[in-house]
Amino acid sequence: MLTAILLASMIIAVRFGSIEIETGVVVNELANFLQGFKSDSSNAMIIFDIRIPRIIFAAISGAILSLTGMLMQTVSQNYLADPYILGVSSGAGMGAVFCIVTGIAQIFAPYGVYVGAFLGAALATIIVVRIAGTSNSPIKLVLIGMGISALFSAFTMLEIYGSKNEAQVRSAMFWLMGSFTGIRWEMVPIALAVVIALILFVWLFRHELDLILLGREEAQHLGLSTERMQQAVVLISSLAIAVTVSIAGIIGFIGLVIPHIARFIGESRHAVMLWFTSLIGAVVMVWADVLARAMFSPEEVPIGILTACLGAPVFMQIINRQYKNS
Amino acid sequence: MNIIEVRNLSYVIGEKKILDNVNATFTEGKITAIIGANGSGKSTLMSFLSKTRRSTNAVYFRGQDVAEIPAERYALQVSVLPQRQKMIADFLVEDVVVMGRFPYKKKFRDYTKDDRRIARKAMESVGITDMAERKLSQMSGGEIQRVLIAKALAQEPELILMDEPTNHLDVKYKIALMRTLQAYGKTVIIVLHDLSLAIQYCDEVIIMAGGRVLTQGIAREIMQPDLLEEIFGVPFVKFERDGRTYINY
């Protein structure tokens with residue numbers, strides 16, 4: 001059912017943009033394409049070279065961000081955790097910009113930016129984990145994350161302003177607010193690989209993750225090495241965030257909100273959460289991107305602004321509820 | 001036969017001796033209560049028995065230093081019910097209880113039909129079968145406690161460690177729990193505040209004070225009013241009625 005919604009959303013989403021293309025035309029072009037021929041019309045070019053890779057990437061990154069948020073929430077046993085709120089995305093942004101500005105990116109080309117983003121994301125995660133430690137206070141973790149986020153965002157700005165070659169770095173807005181502009185087909189496979197790795201990871205360790213969500217101590221008493229699971233999650237989520245941030249910049253709150261929705265309509269077991277989280281994340285991101293393109297068409301709104309508009313109120317609502325309960 | 005033994009265990013935080021040269025033995029098949037005032041070291045001793053805190057050459061399970069037993073193997077023998085911690089998970093009751101089968105589960109596989117059957121049996125013995133499909137978020141503290149007790153039983157351990165399991169329970173369920181543990185027939189080590197429960201349902205008792213083991217022995221014999229008064233600072237009375245021993249303050 002959710003898969004059908006996702007596919008339908010993706011087809012409808014092709015319509016929107018600076019030039020609107022009727023869904024009927026889109027379906028025709030797609031049908032032609034599936035039968036083996038691709039027309040040379042400008043519509044076909046927009047559909048196949050610009051819109052479709054962008055929509056596919058949006059869907060994948062929605063799933064990646066949501067799954068990463070879910071993993072972080074499980075491991076920290078804190079439903080406020082999210083790659084953006086914990087500063088991991090900012091860390092990735094800083095790492096990416098650092099590599100571009102210093103030219104290190106060229107050494108590892110074409111993956112230099114990813115390497116930088118990965119190191120930045122891992123650094124941010126390690127700092128959060130180290131400072132927050134085994135603290136049981138959900139708010140403490142969030143506040144430390146905010147501190148790290150502010151720090152790394154400031155570093156990113158410094159790097160950009162200090163950069164001699166402005167052409168090297170994309171705009172500051174891109175790294176702070178995220179955007180799907182300029183997504184090309186080449187970027188899809190790496191994102192696809194990451195989302196498959198994430199799905200596989202969650203599926204294989206679904207029962208281990210359930211135990212951790214029940215309680216770290218409970219999990220240890222059942223013979224599970226929670227530290228090793230935690231390290232694995234840090235590694236795979238840093239990797240996932242590095243890829244999305246390198247390609248699309250920082251997109252906040254998706255990782256926070258989507259797992260909540262998934263838990264609400266599904267259930268807490270990771271075997272179920274996995275599918276609800278990734279599919280809802282994909283659908284929401286596709287529509288958020290449609291909104292970003294259609295709202296002030298032909299101008300585009302950075303996607304991160306929209307996700308923040310939708311996500312920040314939910315974030316505050318969750319804090320409000322958690323404090324009421326405790 | 002001793003199932004678990006503590007030899008010369010000391011534990012210091014800063015200047016404070018939390019455990020001071022503790023020696024204790026726990027008899028196989030018996031229910032042993034650990035009692036003592038707040039801060040006497042009961043929970044700390046439990047944390048060493050459960051391997052939550054690490055020790056070397058101090059805690060022996062069937063003659064083997066627990067430091068040498070890997071966690072996943074220890075979990076096949078010992079189940080632990082820690083003091084209640086905050087929980088955010090919102091699983092169904094039956095899904096929580098079956099997690100007790102995790103140590104037996106093959107890697108990457110789901111729980112088997114056998115696991116589900118054993119979990120159901122455990123739920124029956126704690127009287128929560130009718131709650132199987134309820135979510136944890138819709139349950140009271142006492143009900144969740146019973147779910148966790150069922151999970152501990154589903155683990156089919158040789159030794160059950162429980163730290164104040166009766167805290168959130170109504171009197172009815174306190175008694176039911178103690179009877180369930182008696183019926184289970186394996187070794188149980190249980191930290192108890194409720195001295196009446198200790199004397200009625202436990203075979204042996206270890207009395208702790210100031211990080212030391214004051215005395216250890218048969219519950220009915222060593223739980224005497226003058227000793228308890230010395231430990232808890234209030235006078236106690238002990239009396240028998242209809243063949244049962246009661247202790248009260």
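Here is a short chat about reading a sheet and a helix pair in a predicted model.

Q: What should I know about the numbering and the model?
A: Residues count from 1 along each chain as its sequence is written, while chains are lettered from A and ligands numbered from 1 in the order in which they are written. The model is predicted, and local features need pLDDT of at least 70, side-chain atom pairs count only at pLDDT 80 or more, and totals for chains, interfaces and linings use all residues.

Q: In which order do the six strands of the open sheet in chain B run?
A: Strands of a sheet pair through backbone hydrogen bonds, either parallel or antiparallel. Here the order is S6-S7-S8-S3-S9-S10 (chain B), with mixed pairing. Strands are DSSP runs (E, at least two residues; helices are H or I, at least four), numbered from the N terminus, and two of them pair if DSSP finds at least two bridges between them.

Q: Which strands stand at the edges?
A: S6 (78–81) and S10 (212–218) of chain B; each has a single partner strand, so one side of each lacks a neighbour in the sheet. S6(B) pairs with S7 (residues 159–163) of chain B in the parallel sense over four bridges, and Val80(B) sits opposite Leu161(B) in S7(B).

Q: At roughly what angle do H9 and H12 of chain A cross?
A: Two packed helices are described by the angle between their axes and the distance between the axes. The axes of H9 (residues 187–204) and H12 (residues 226–248) of chain A come within 10 Å and cross at roughly 155° (axes are lines fitted to C-alpha atoms, for helices over the stretch in contact; angles run from 0 to 180 degrees between N-to-C directions).
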